[in-house]
Amino acid sequence: PDEAEKVIDGTTRTVAISELVVDDVVLVRAGARVPADGTILDGAAEFDEAMITGESRPVFRDTGDKVVAGTVATDNTVRIRVEATGGNTALAGIQRMVADAQESSSRAQALADRAAALLFWFALISALITAVVWTIIGSPDDAVVRTVTVLVIACPHALGLAIPLVIAISSERAAKSGVLIKDRMA
């Protein structure tokens, strides 16, 4: 959210998120997003944490439980003591890890890119040879069909897409980010 309801001497005042500091108390109403990581001081609610954990069902949080910025209190109003703001929140940490993962290129990814490039040239040359041979044989209609077939079968895009996906799924970064998310939620 862009704003938070900060509790000051028993009254609430709407402030920008950037004005929140550690140990501030904020009020999160039903249907509102949690403005910063913190601990519930008063109240209990179910929180939609799908944005952080991927869990499709709301999770019940009670007094003393930790909540994460960006999650939504679905049914009740709670008071939260702020423990992390801005770049120190769990959501900001996830965003940093995703950006780092997108910027980094592993050796396996570089090898996959080179293999896809070689496969592209192999497919193109094979398709040209197929077109020439079937045209010489005297069947231009078959030449087109068989040339397209060679291009589809030897298409390097599957290699270029599959290898990075497999690497991303099984990478150590994915495992570490899962542990980090669980640690911050606990």
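1. In strand 6, phenylalanine 60 is the bridge partner of glutamate 46. Strands here are DSSP runs of E, at least two residues long, numbered from the N terminus. Strand 5 (residues 45–48) and strand 6 pair in the antiparallel sense over 3 bridges; two strands count as paired if DSSP finds at least two bridges between them.

2. A word on the basis of this note. The model is predicted, so local features need pLDDT of at least 70 and side-chain atom pairs count only at pLDDT 80 or more, while totals for chains, interfaces and linings use all residues. Residues are numbered from 1 along each chain as its sequence is written, and side-chain values use heavy atoms, with hydrogens and water left out.

3. Strands of a sheet pair through backbone hydrogen bonds, either parallel or antiparallel.

4. Another open sheet has 6 strands in the order 2-1-3-9-4-7, again with antiparallel pairing. Its edge strands are strand 2 (11–16) and strand 7 (66–67), each of which pairs on one side only. Strand 7 is joined to strand 4 (residues 37–42) by 2 bridges, and the two run antiparallel. Lysine 66 in strand 7 is the bridge partner of threonine 39.

5. Which residues of the largest nonpolar core touch the most other members? Of its 16 residues, they are Leu20, Val26, Val28, Phe47, Val78 and Ile80. Such a core is a set of buried Ala, Val, Leu, Ile, Met, Phe, Trp, Tyr and Cys residues joined through side-chain atoms within 4.5 Å; buried means under 20% relative accessible area, exposed over 50%, and partly exposed in between (1.4 Å probe, protein chains only). Strand 3 (25–28), strand 5 and strand 9 (78–84) each supply at least two residues of this core, and strand 9 gives the most, with 3 residues. A second, separate core of 5 residues includes Ile52, Ala90, Leu91 and Ile94.

6. Phenylalanine 120 and tryptophan 121 form an edge-to-face aromatic pair, with 5.0 Å centre to centre and 70° between the planes. Rings of Phe, Tyr and Trp (its six-membered ring) pair if their centres lie within 6.5 Å; planes under 30 degrees apart count as stacked, over 60 as edge-to-face and the rest as tilted. Phenylalanine 120 counts as partly exposed, at 39% relative accessibility.

Key
Helix = DSSP H or I, 4+ residues; strand = E, 2+ residues; numbered from the N terminus.
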